[in-house]
Amino acid sequence: MIIDLRSDTVTKPTPDMKQAIMKAEVGDDVYKEDPTVNELEQRVAKMFGMDTALYFPTGSMANQAAIKLHTQPGEQLICDKYAHVYNYEGGGVSFNSGVSCKLVDGHRGMITAQQVVDHINPPDFYHSPLTTLVCLENTTNKGGGACYTIDTFKEIKVVTDKHQLGLHLDGARLWNALVATGQDPKEYGQIFDTISVCLSKGLGAPMGTVLIGNSSIMKNAIRVRKILGGGMRQVGYMAAAGLYALDHHFPLLKEDHKRALELAKTLSELSVVTKVEPVETNIVIFNVSDENSFTNYLDNHNIIYSDMGQGKLRFVTHYDYTNEMHEQMLGVLRKF
């Protein structure tokens, strides 16, 4: 049995999701005539209490579009040093928008309102880039699936409003945060100017991210998507997978979180493991003292993981990681 814990992106459509895909009513989305895409966009916008939404093929493209909507070339955004928009989007911030990043040394990928204040460049000091945007991430990927509190978001919103900065949320795993914390998505809609939510990670759709926001900022989103090459035709087949995932896979995330906690507990009992990051959702990040020995052991037992470098490894649970796999995984770890 191969156990793949590299990422929650490795899931494959279930038979029922495939049926939903095959039965989807479709049209030309470039003309905004795909009824299934329109339904998905309307549903997600309504969930967050925001005006409008736009379907993108990938999360990186949605984030890049949001940054473009908020900024002009030569400006600067503030984000944590672990942020996906800085580390894992191919330098798109500079390539697509001509914008630089001012990095904050936050805690597990999360930053505070005071840190935002401390990193805003003086707007009348023309030697430095003009700060125009703050990008947050929830849950944090490199931070081990950590979740912000709503209170922290609200405190940051006070700062961005005072300094007339945009506020974007990279919500690639926001569904996990909502399940873990019980937060109301409509509260997010009241705080953020734009939010991206991914359908192909915890929810397991083959592709797709929805960018949501209010009409004032989103009016040019479809133009930016076109510029980035994101115009799609009968993409309602994939949107149908997203709708199915919201109905059927969203509630399953709590099981992913439970298994991640059990993996973390078992890892913490191994002498080779020197540190396990706190686990709140479905990501387990840990350090080992003898990486070669431990990774060879995992390799020999057909366990696939992410190597984050310098003795740091990552497991990510997902709906294709079954209870049978979980019991086998726990047994393998205990025998090391």
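Q: How many bridges join strand 10 to strand 13, and which way do the two run?
A: This is a predicted model, and in it five bridges join strand 10 (residues 283-288) to strand 13 (residues 312-316), with the two running antiparallel. Within that pairing, I285 stands opposite R314 in strand 13.

Q: What packs on the sheet there?
A: Helix 13 (residues 253-268) does, touching strand 9, strand 10 and strand 13, and its direction makes about 10° with that of strand 10. Helix 14 (residues 291-300) packs on the sheet too, touching strand 10, strand 12 and strand 13, at about 25° to the direction of strand 13.

Q: And what's the strand order?
A: The order is 9-10-13-12, an open sheet of four strands with antiparallel pairing. From one strand to the next, the twist averages 30°.

Q: Switching to aromatics: how many pairs turn up in the whole structure?
A: Ten aromatic pairs. One of them is Y148 with F153: the ring centres are 4.7 Å apart and the planes are at 25°, so that pair is stacked.

Q: Are those two buried or exposed?
A: Y148 and F153 are both buried.

Q: What about F294 and F336, how do their rings sit?
A: Edge-to-face, because the planes are at 80°, with the centres 5.1 Å apart. F294 lies in helix 14 and F336 in the segment after helix 15 (323-334), 42 residues apart, so this pair links distant parts of the chain.

Q: Which aromatic cluster are they in?
A: One formed by F286, F294, Y297, F315 and F336.

Terms used. Residues are numbered from 1 along each chain as its sequence is written. This is a predicted model: local features need pLDDT of at least 70, side-chain atom pairs count only at pLDDT 80 or more; totals for chains, interfaces and linings use all residues. Side-chain values use heavy atoms; hydrogens and water are left out. Two strands pair if DSSP finds at least two bridges between them. Axes are lines fitted to C-alpha atoms, for helices over the stretch in contact, and angles run from 0 to 180 degrees between N-to-C directions. Contact means heavy atoms within 4.5 Å. Rings of Phe, Tyr and Trp (its six-membered ring) pair if their centres lie within 6.5 Å; planes under 30 degrees apart count as stacked, over 60 as edge-to-face and the rest as tilted. Buried means under 20% relative accessible area, exposed over 50%, partly exposed in between (1.4 Å probe, protein chains only).
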